[in-house]
Amino acid sequence: MSNEDMSEENLPSEREHAHHGAVEPVGDPFADPGLPPHEPRRQDIDERTARRSERTVALLFTLSMIATVGFIASYVIFPIDKIVYIFPFGHVSALNFALGLTLGVALFAIGAGAVHWARTLMSDEEVPDDRHAIEASPEVREQVFADFRQGVKESQYGRRKLIRTTMMGALSLVPLSGVVLLRDLGPLPEKKLRTTAWRKGMKLINQNTDQPLRPEDIGVGSLTFAKPEGLSDDAENFQTVIAKAALMIVRLNPEDIKDKRELDWSHQGIVAYSKICTHVGCPISLYEQQTHHVLCPCHQSTFDLSDGGRVIFGPAGHALPQLRISVNAQGYLEALGDFEEPVGPSFWERG
Amino acid sequence: MSTASHEATDATARRGKAPAGERLADWADGRLGIYGLAKANMRKIFPDHWSFMLGEVSLYSFVIIILTGVYLTLFFHPSMQEVVYNGPYVPLQGIRMSEAFESTMHISFEVRGGLLIRQIHHWAALVFVAAMLVHMMRVFFTGAFRKPREVNWVFGFLLLVLGMFTGFTGYSLPDDLLSGTGVRFMEGAILSVPIVGTYLQMFLFGGEFPGHDFVSRFYTIHILLLPGIMAALLVGHLILVFYHKHTQWAGPGRTNKNVVGMPLLPVYMAKAGGFFFLVFGVIAACAAIATINPIWAFGPYRPDQVSTGAQPDWYMGFSEGLIRVMPGWEINLWGHTLQLGVFIPLIIFPLVLVTIAVWPFIEAWVTGDDREHHILDRPRNRPVRTGFGAAWISWYLILLVGGGNDLWATHFHLSINAITWTVRIGFFAIPALTFVITKRICLGLQRRDRDKVLHGRETGIIKRLPHGEFIEVHEPLPQDQMHTLTAHDQPEPLELGPDVDENGVRRKVDRKTKLRAKLSRSMYGEGAQIPKPTAAEHAEITSGHGHH
Ligand code: HEM
Ligand code: FES
């Protein structure tokens, strides 16, 4: 950095105070008096105390051995499914409890023994050791630079421009192969996030009973979860399909529905909304029947199901998508198509 | 020549007759040159202070994590293949789950000691990240990051960040309902990235969420990639600690040019080695008495199910806070969506971490100090740095509060809305407030140190003077304490000098220099430190009135 404009003395670095070392003028009350003399401990002068320390350390090491025997015994004795009541921990696995505590004691006692040994018996005399500057001396520095220049000169790297350029080219291209190889980590997004499994005429299947839903199955004040017809729980891609297709259904009073389109897309006050929160995709699970609000338990986004799934609180950025439903000839609830807009969290191409 | 070879044979002969242990050492020395290393390090001096153990706790928990982690790999199946559970845990029998979840159930209920190892692994991970964070704070508040230790500061910081991500990938592996919710959160956050978000998401998950790949991919990242990088950084970190030699507190006989303490062999080796067992023992006991991550209670992951009160491990909690209190801003323009409500937290997340990481470099630039520092600063003697560090911690904590807003609401009967707004305002106000308060406290403590040096320490003894006045007897401090309390440097703020030079020409001062001077004034100028007592002041006071 250029600081020709300011005097170097003002930089703190130039104000090296000679506080360190006993080089202060005589009579300086703050001068470094040097290392205090070593104070012996009881153990250093009294052999009986020292022997007591020895016994303590030995006791701790012995305790560790006993605990290890206890560990092995617990492993053999306790059946893995035995549950016992231990105050204040409650009902715990006897095996886990016994193994953990014996192992804990076996390890802790070794540590306590070693630390006690170090503190009471090993010399506690503090000694100084010199530090040396990390930086090399100017001569070494010169030598290194000279060696480096010599090496570069001998390689003719500077003179042979053609070699230099092509080598740089080759080295910067070769990692591309590695990048290309990552292409097959996954498919391209294309329109995948825009659609779900719902299609026109698909029946709404109750997640609990696995039966197609009829309007009369949907009571007032309860939240029903549904999946598309034909999606079996043990299908290979069940998780990925349900991650977008999960549906929640409630019955409202048609006159309570504030949003005109919502009313059009409902059937006798039964509305179907995506269960996947538009914030970052948690499944919504709580329903407040007086207000017709649903709450996402993850970050508390709250949506008004009587008003087009509008966000009324929380970090979600847009309303819940609604699925258009009706009743088919047999009286089952059916979808009239896929969601009109992508479900779940927003993404760049969503628009 | 002949004498030289003679001597060599002599030495070899001497070596030949040595006891077995020495002969083994000789063998190794002849091939590895271990004596050179041992000479430099066996009696290496380490200063003692409780706060120097925090780095050790991180190191030991890392070792514990590796040991237990290797055990877990013997039983865990990183596969998302769906299976039907028919193990001993009755409530989940007949339920569909991934093999990853099932094998975690197997470890917990059928492998004897498996649950213990799983719980030790998880507890150690919590301790690991916590210890690193506290260790980093110790390094920060004592200025141990100053030259020559900046590189080690960066190594340490990377370890912290990698530790957090290793934890995240780790607790996602069992594929349970709780961690799956966290993975979904991450997926949603990735989707919010402009332009490339959907591509990143498809490439990371091998298709749409959740797909069949993320557990096996996270597995490789969790057990190989991140720990490998961490092990390398850790070794580098420790080599540098040895090479720089440990910092020490100011005190009698302790200078910037020496290191005072006890030798590695035996004291430090016994204490540090013993400490490993202490940490391991405590964590094992925790795993025995405190259940952690009971995946059987959560059940296997289903994208359409969720458990209420879902919380990540504590070190990820601040990202949870960010995403919860951020308003749901979403911009739709030209057929594209920018989900700022998620994307801004995603940007602030690394920013929070980086803020603390860059401080040492800013401080070094402002002070222009190029000396080596081996004596630690007492936090009070650097009020601006200490204030900044405290502000950062308060920032982190307020976000942690935001991350648990639902828990706060239910436990304390508050409205979520009120908590959210408190955290939003607190996000800006609390760090500023903490800074000001901390700086004041530091200055107060400096003033107290100054008084102690000049007037001695209060004895609590009340004396009555001949004319009837009562005074408290002050006892002069011993010299070693006076030295310790005045050993710190007090840098002068950077001065720009007069605007015009001696010829009356306006000097040009670039903006960078001006900024630097301004920062320097705020760090070391008036009101940023209390001048420490000088020998002259001390002499005047002690000779002035005799009753001290
Ligand atoms: C895997 C995690 C880590 C381990 C195992 C570890 C271990 C250690 C140990 C044993 C020491 C020496 C004792 C001490 O000063 O406490 C040390 C020193 C140091 N650590 Fe760490 N550390 C870790 C993470 C960090 C982090 C997160 C930072 C800060 C960003 C950091 C910065 C430093 C610095 C600058 C020193 C030198 C301090 C001095 O000599 O006073 N370390 N580390
Ligand atoms: S995912 Fe629903 S509020 Fe965040």
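Let me begin with one residue in chain B: leaving aside residues up to four places away in sequence, Asn152(B) touches Gly236(B), His237(B), Leu240(B) and Val241(B). Please keep in mind throughout that what we are looking at is a predicted model. Asn152(B) belongs to helix α7 of chain B, which covers residues 150-172, and it counts as buried because its relative accessibility is 9%, where the cut-off for buried is under 20%. For a sense of distance, Ile437(B) is 285 residues away from Asn152(B) along the chain, and the C-alpha atoms of the two are separated by 30 Å.

Staying with chain B, an unreviewed UniProt entry carries the annotation "domain: Cytochrome b/b6 N-terminal region profile" for residues 24-250. Over residues 24-250 the chain is 68% helix and 4% strand, with 42 Å between the end C-alpha atoms.

Now to chain A, which has 7 helices and 14 strands. Its radius of gyration is 38 Å, whereas the globule rule gives 20 Å for 351 residues, so chain A is more spread out than a compact globule. The C-alpha trace of chain A spans about 105 × 75 × 45 Å along its principal axes, and buried residues make up 40% of the 351 residues in the chain. If we take contacts in chain A between residues at least 6 apart in sequence, 56% of them join residues at least 24 apart. As for charge, chain A has 35 positive and 47 negative side chains, and the centres of these two sets lie 8 Å apart.

Finally, some words on the backbone. Most residues other than glycine have a negative phi, and most peptide bonds are trans. Against that background, Gln300(A) has a positive phi of about 65 degrees; this residue sits in the loop between β9 (293-295) and β10 (302-304) of chain A, and it counts as buried because its relative accessibility is 4%. Gln268(A) also has a positive phi, of about 50 degrees, and is placed in the loop between α7 (260-265) and β7 (270-274) of chain A.

Another joins Leu265(B) and Pro266(B), with omega about 5 degrees, and Pro266(B) is found in helix α11 of chain B, residues 264-289.

How values were computed
Residues are numbered from 1 along each chain as its sequence is written. Chains are lettered from A and ligands numbered from 1 in the order in which they are written. This is a predicted model: local features need pLDDT of at least 70, side-chain atom pairs count only at pLDDT 80 or more; totals for chains, interfaces and linings use all residues. Side-chain values use heavy atoms; hydrogens and water are left out. UniProt positions are given in the numbering used here, feature names are shortened, and annotations may be inferred rather than shown by experiment. Helices (H or I, at least four residues) and strands (E, at least two) are DSSP runs, numbered from the N terminus. The radius of gyration is taken over C-alpha atoms; the globule rule is 2.2 Å times the number of residues to the power 0.38. Buried means under 20% relative accessible area, exposed over 50%, partly exposed in between (1.4 Å probe, protein chains only). Contact means heavy atoms within 4.5 Å. Lys and Arg count as positive and Asp and Glu as negative; His and the chain ends are not counted. The place of a charge is taken as NZ of Lys, CZ of Arg, CG of Asp or CD of Glu.
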